[in-house]
Structures are given as C-alpha cells and as structure tokens.
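Here are a few friendly notes to read with the structure open beside you. Take the points one at a time and find each element as you go.

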Amino acid sequence: MCGIIGYLGERPALPILMEGLKRLEYRGYDSAGIALQTLQGLEVVKEKGKIAFLEEALGDNHSAATFGIAHTRWATHGPPNRENAHPHLDGSGEVALVHNGIIENFNSLKRFLEDQGIEFVTETDTEVLAHLISFNYKGDLEEAVQRSLTQVEGTYGIAVIHAAHPGEMVGARNGSPMVVGIGEKELFLASDVAAILAHTRQVIYLDDREMVTFKNGEFNTKTIQNEEVDKEIQRITWNLDSIEKGGYPHFMLKEIFEQPTTIANAFRGRLIEDEGLAKLGGLSENMEDLQQVERLVFLACGTSWHAGLIGEYMIEELARIPVEVEYASEFRYRNPVLSPRTVAWAISQSGETVDTLEALREGQRKGARALGIVNSVGSTIARESEGGVYIHAGPEIGVASTKAFTSQVTVLAILTLLLGRMRGMSSRLGKKMVQELQAIPDKVQRILEMDDQIREIAEVYAGVDNFLYLGRGINYPVALEGALKLKEISYVHAEGYPAAEMKHGPIALIDENMPVVFVSPLGGTNRKILGNMEEVKARGGKIIAVVNEDDVNASALADHTIRIPETVDFLSPLLTVIPLQLLAYHIAVLRGCNVDQPRNLAKSVTVE
Ligand code: F6R
C-alpha cells in the first residue's frame with residue numbers, strides 16, 4: 001500500500017528519499033512523488049507509474065536540499081495519474097503533505113473549504129487535508145496540523161512540511177503505521193522501517209492519534225489532543241540483507257527458498273523434545289486463559305486466513321478445542337457471540353492489516369481475550385494484542401506471501417501441541433509431533449531441489465487461462481492457497497475447492513483445457529481423492545498431482561506428478577504448499593508478470 005519517507009538532516013535529502021522509496025516499492029503502488037525544501041520554496045516532482053519514471057522526471061537534479069518528504073501512492077480516490085500522486089499542496093503551494101490511509105469525511109470538508117473559496121485540483125481525499133492544514137495555519141505548523149486532525153475522520157499516516165518552516169516536519173498516525181528513525185544528526189519519518197533501515201536502527205513507533213514534530217534537529221511526540229507522550233526508543237534487530245534479493249531474480253523466489261530456515265526459526269527454542277512439550281514465551285501471561293478457553297476464533301485475511309483454516313484442522317483434531325476461522329473484514333461488521341472464554345486470535349504477517357486489526361479490537365470490545373500471531377515486530381496488532389507469538393520469518397518483501405504462510409502454519413502446529421498437551425494429549429504423541437516438526441526443514445529443502453521439474457510443468461501450462469486446485473481435509477486450505485498464489489501473481493483465473501465439492505458444480509468446467517492441481521499426500525483422505533481424480537480424467541482434464549513419493553495410485557492417474565516426502569497428516573501443508581508456490585512463481589515469470597509487485601495489489605492493506 002502507499003509508502004512514506006521523510007528526511008531531515010545534514011546530507012542531501014534527494015538520494016535518501018529516492019532510496020527509501022525504492023525500499024517501499026514492495027508494498028505496491030502506482031505513482032510516486034517527492035517534495036524538497038529549497039531556498040526558493042518547495043520543489044515538487046511527481047510521476048505516474050514506477051519510481052524509475054520519477055527518477056526520469058527528476059533528470060539530473062542534484063538538489064542540495066537536506067529536507068524533504070516522498071511518497072508512493074496506491075490509488076483509492078481518483079485514478080493513478082500525476083495530478084493525484086502525492087505530495088499534495090495547498091492553493092499557495094506552501095504546505096506539502098503525503099498521506100497513507102483514507103479521509104472518510106473528505107466530502108463534507110471539501111464542501112466547507114470550497115465555500116471558503118478554496119479550489120481543488122485533484123480528486124483525492126488527501127488534497128482536502130493539505131487545504132485544511134493551510135486553512136488552519138496561523139503561523140504555527142504543528143498547531144495547524146493538530147487542529148486539522150481533530151476535524152478529520154478516517155485513517156492516516158502523514159508527513160507535512162511548510163515552505164515557511166525549513167527544518168520542521170510534522171508526522172501523525174491514526175490506523176496507518178508511522179515510525180520515527182533517529183540517526184546521527186538526522187531524523188527520518190517513514191511508514192515502514194524498511195525505508196530507513198540503511199540509515200538507522202533506532203526507532204519509535206507512533207500509536208494511533210499521536211503526532212511527532214521535528215524542529216531544530218530534535219523531535220517531540222504528543223497526542224493530537226496536545227498531551228505530551230514519552231515514547232520508548234526501540235532497536236531493530238534484523239539487517240539489510242534480509243530486505244535485499246541476495247542473488248535471486250525476485251524476492252518471492254528468495255523467500256520461497258528461505259523456508260527451510262524460516263520454518264526452523266519459527267520453532268527454534270519452542271519445542272521440548274524429551275517431554276513432547278511446547279513453550280511459547282509470548283503467551284506466558286495468558287496460560288490461565290488458554291487453560292480455560294472454550295473457543296478460538298482466528299481473525300485474518302487472504303493467505304493468513306488460509307493458515308488459520310489449517311490451524312482449525314490441527315487444533316480441533318489434536319487439542320479438541322472448537323475453532324472458527326473468520327474473514328476479519330466480515331467479522332468486524334457482524335455481531336459475533338463472544339465471551340471471556342473465547343480467544344480472538346489475529347493472524348497477520350504485516351500486523352497492520354486494517355480489517356484484521358479492527359476485527360481484533362471488535363473481539364476485545366465484546367469481551368474476548370485478544371491474542372496475535374504476527375510477523376512484523378512492533379506492528380500495531382502485535383502491540384495491541386494481550387499476548388501472542390511472533391513467527392520470526394523476517395521481512396517478507398514479495399507481495400505474494402510465501403514464507404510467512406509456512407511460518408504461521410508452523411506456529412499453529414506448536415500452538416496445537418501446547419494446547420493439546422494441556423488437554424490430555426499423550427506425551428508420546430507430543431514427542432512424535434516434535435520430531436516430525438523438526439524434520440520438516442530438510443523435507444522442504446528436498447522439495448525445493450525439484451524446482452527444475454516444477455518449472456518444466458509450468459512451461460506446459462503457462463498459456464492456460466483457468467486452473468482448478470483441489471484438496472481435502474487439511475490440504476483443502478492448501479488448494480485455496482495454491483489458487484490464490486497463481487491468480488495474484490500471474491493473473492490466471494484459479495479456484496480452490498474441497499475436492500469432493502467438484503461434483504457439485506465446478507466439474508462442469510472440466511475439459512482438456514482445464515488443468516486440475518490435486519493436493520493429495522498419503523494419509524487422511526488420500527484414497528477418497530483418487531475417485532475425484534478419476535472423475536477429472538474421465539472428462540479429459542489434465543492432472544497435476546502433488547503426492548507422496550510412494551503413492552503409485554495417484555501417479556498412475558496424473559499427467560504430471562510432483563513427489564514430495566512424507567510427513568504426518570497435520571504437518572503435510574508445510575510440504576504440499578511448496579510446489580504450489582513454485583508453480584505459481586514460474587507460470588508468472590513465463591507470462592512476463594511482475595512477480596514481486598503484481599498489479600493492483602499491496603503488501604500491507606491498511607485501508608478498508
Ligand atoms: C497473499 C497475500 C495477502 C495477505 C493478506 C493479509 O499472498 O499476501 O492475501 O495474506 O492481505 O495480510 P497480513 O497477513 O499482512 O495481515
């Protein structure tokens with residue numbers, strides 16, 4: 001989604017802002033712009049499309065300005081064009097503003113400002129805020145921003161500068177992340193740590209309805225109600241390598257290949273093999289609640305929702321606790337029945353997905369305990385949860401989630417062990433779970449070594465426009481995930497279904513032009529799925545089967561067989577999903593798609 005970086009220091013701001021924008025590219029955007037404070041006033045350059053076009057528009061600009069703001073926009077109000085790109089200016093060109101989020105009452109504010117004679121030049125909600133700040137400006141920029149923010153409804157992460165205030169920048173947040181970076185004689189303001197990590201590791205996360213002002217080389221934080229707040233300085237522990245490609249052509253491929261390590265990182269230090277137990281430090285304060293819990297409600301979107309579905313299979317089967325998995329966007333507007341013995345558990349890679357965050361808050365308002373399974377350390381969901389588990393996957397830059405998914409599933413398996421052992425699971429089964437989990441990274445590695453074979457299958461089907469993915473039991477969510485991966489990065493229509501549902505409708509689609517991917521490891525419902533394969537075969541459909549190494553029956557029916565190592569049924573999604581990630585990746589590359597930044601998508605969805 002949109003990205004913000006602001007710089008104030010002694011070095012030329014332009015290269016720092018441009019580099020920051022490039023680090024934010026992964027979030028997804030459709031235009032970009034920059035505002036620099038020069039001796040002549042504000043210099044603003046904006047361009048539609050990729051940052052490379054903005055660079056072109058800047059030409060050989062070697063501005064010595066040491067102060068500025070920049071933005072990547074993901075269109076919400078008004079099409080992606082140069083006019084609607086940020087920064088937005090007030091009528092006099094003195095106030096420049098970059099904004100993530102949505103000003104919900106922009107229409108009424110716009111009418112009010114138009115009545116005062118103010119003219120608008122864009123269709124954006126953001127321009128309204130630039131004019132409002134200018135309208136409220138009486139010589140004090142911080143005060144003008146503060147006053148304006150009390151008049152807006154909606155979400156925002158903003159950075160504002162004013163031509164008459166060189167060296168002063170005001171930032172604020174409500175529902176859209178903002179982080180302050182503290183360097184040596186320089187300050188940064190960004191929507192994402194990745195934008196500033198090359199320069200500093202010392203950061204402060206703003207909370208909702210807080211603002212920060214940079215002035216005279218120092219910063220000051222307060223609420224938008226003007227109460228001073230003391231913020232804790234935190235240190236980022238991950239390094240720059242983790243947000244660079246490391247020799248891979250795409251972040252997505254790098255992240256797929258990182259999975260033996262990231263899965264191991266998700267369980268490292270959390271398993272006690274001798275006793276068949278799990279320990280999760282982030283839940284130490286919540287053990288009593290978990291002992292007494294009557295129901296878990298996982299709240300998530302997209303890939304994280306698929307991980308939640310896998311968690312449901314695991315936890316109900318092995319820990320015998322009822323689980324519901326809710327689309328966060330639906331949950332937040334329903335009137336769900338919750339009690340203090342319900343745990344509302346948000347699952348989110350970014351920790352900033354607004355629907356998931358709001359669903360968690362709604363759960364908490366209705367009396368449930370609120371916990372999180374999150375990747376981004378210090379993110380809003382992580383901070384607002386009463387406890388939770390980090391998945392430790394490291395930064396995920398590719399827009400399509402891969403390593404975060406397997407790390408979420410790993411954490412859910414550990415959670416199953418923890419809850420199961422509280423509720424009668426034998427230590428023998430516990431030990432078996434630990435051993436099987438510890439063996440997963442090597443098995444994932446073996447599947448990754450089949451990359452060439454999977455690319456060859458992709459070559460056969462790269463021109464096809466429809467795919468069906470079928471799985472049963474705990475591999476039904478994997479079928480959903482495989483279909484989601486393919487559609488989001490290759491723009492091929494793909495649907496995931498529980499295999500047995502095929503005959504209730506989707507079977508009508510099957511012909512020789514419809515490849516069907518079966519996710520069918522041994523165990524569980526494997527034998528049942530053979531019947532579904534027969535049905536596809538009888539109608540001329542092409543079968544790509546993800547099966548275990550010694551599954552002769554499925555191999556006999558399939559046109560292409562991807563043979564993966566065996567594991568226990570409940571951990572099989574950690575293996576079956578890997579070939580599906582690779583298949584989607586190769587099809588997207590063969591179709592010439594922008595794998596890391598697919599059209600219309602954003603890495604972290606911070607608007608409704
Ligand atoms: C798919 C994908 C999205 C996210 C979803 C939730 O590859 O990345 O479907 O899974 O937007 O995001 P988080 O997990 O950050 O809440």
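1. Start with strands β7 (residues 156-162) and β8 (residues 169-174) of this predicted model. They run antiparallel and are joined by 5 bridges.

2. Now step back to the whole sheet. Which strands form it, and in what order? The order is β5-β6-β7-β8-β12-β13, an open sheet of 6 strands with antiparallel pairing. At the edges are β5 (88-89) and β13 (218-223), each of which pairs on one side only.

3. Next, look at the helices. Helix α4 (residues 126-136) packs on the sheet, where it touches β5, β6 (95-100) and β7. The direction of α4 makes about 140° with that of β6. Helix α5 (residues 141-149) lies across β7, β8, β12 (210-215) and β13, and runs at about 150° to β7.

4. Strand β12 deserves a visit too. Antiparallel to β8, it is joined to that strand by 5 bridges, and Thr213 in β12 stands opposite Val170. Is β12 mostly enclosed or open? Being buried here means under 20% relative accessible area; 5 of the 6 residues of β12 are buried, so the strand is largely enclosed by the rest of the structure.

5. Finish at the hairpin formed by β12 and β13, with 2 residues between the strands. The two pair in the antiparallel sense over 6 bridges, and Lys215 has Glu218 in β13 as its bridge partner. In the turn, Asn216 has a positive phi of about 50°.

Conventions. Residues numbered from 1 in each chain as written. Predicted model: local features only at pLDDT ≥ 70, side-chain atom pairs only at ≥ 80, totals over all residues. Heavy atoms only, no water. Pairing = 2+ DSSP bridges. Helix = DSSP H or I, 4+ residues; strand = E, 2+ residues; numbered from the N terminus. Contact = heavy atoms within 4.5 Å. Axes fitted to C-alpha atoms, helices over the stretch in contact; angles between N-to-C directions. Buried < 20%, exposed > 50% of the residue type's maximum accessible area, 1.4 Å probe, protein only.
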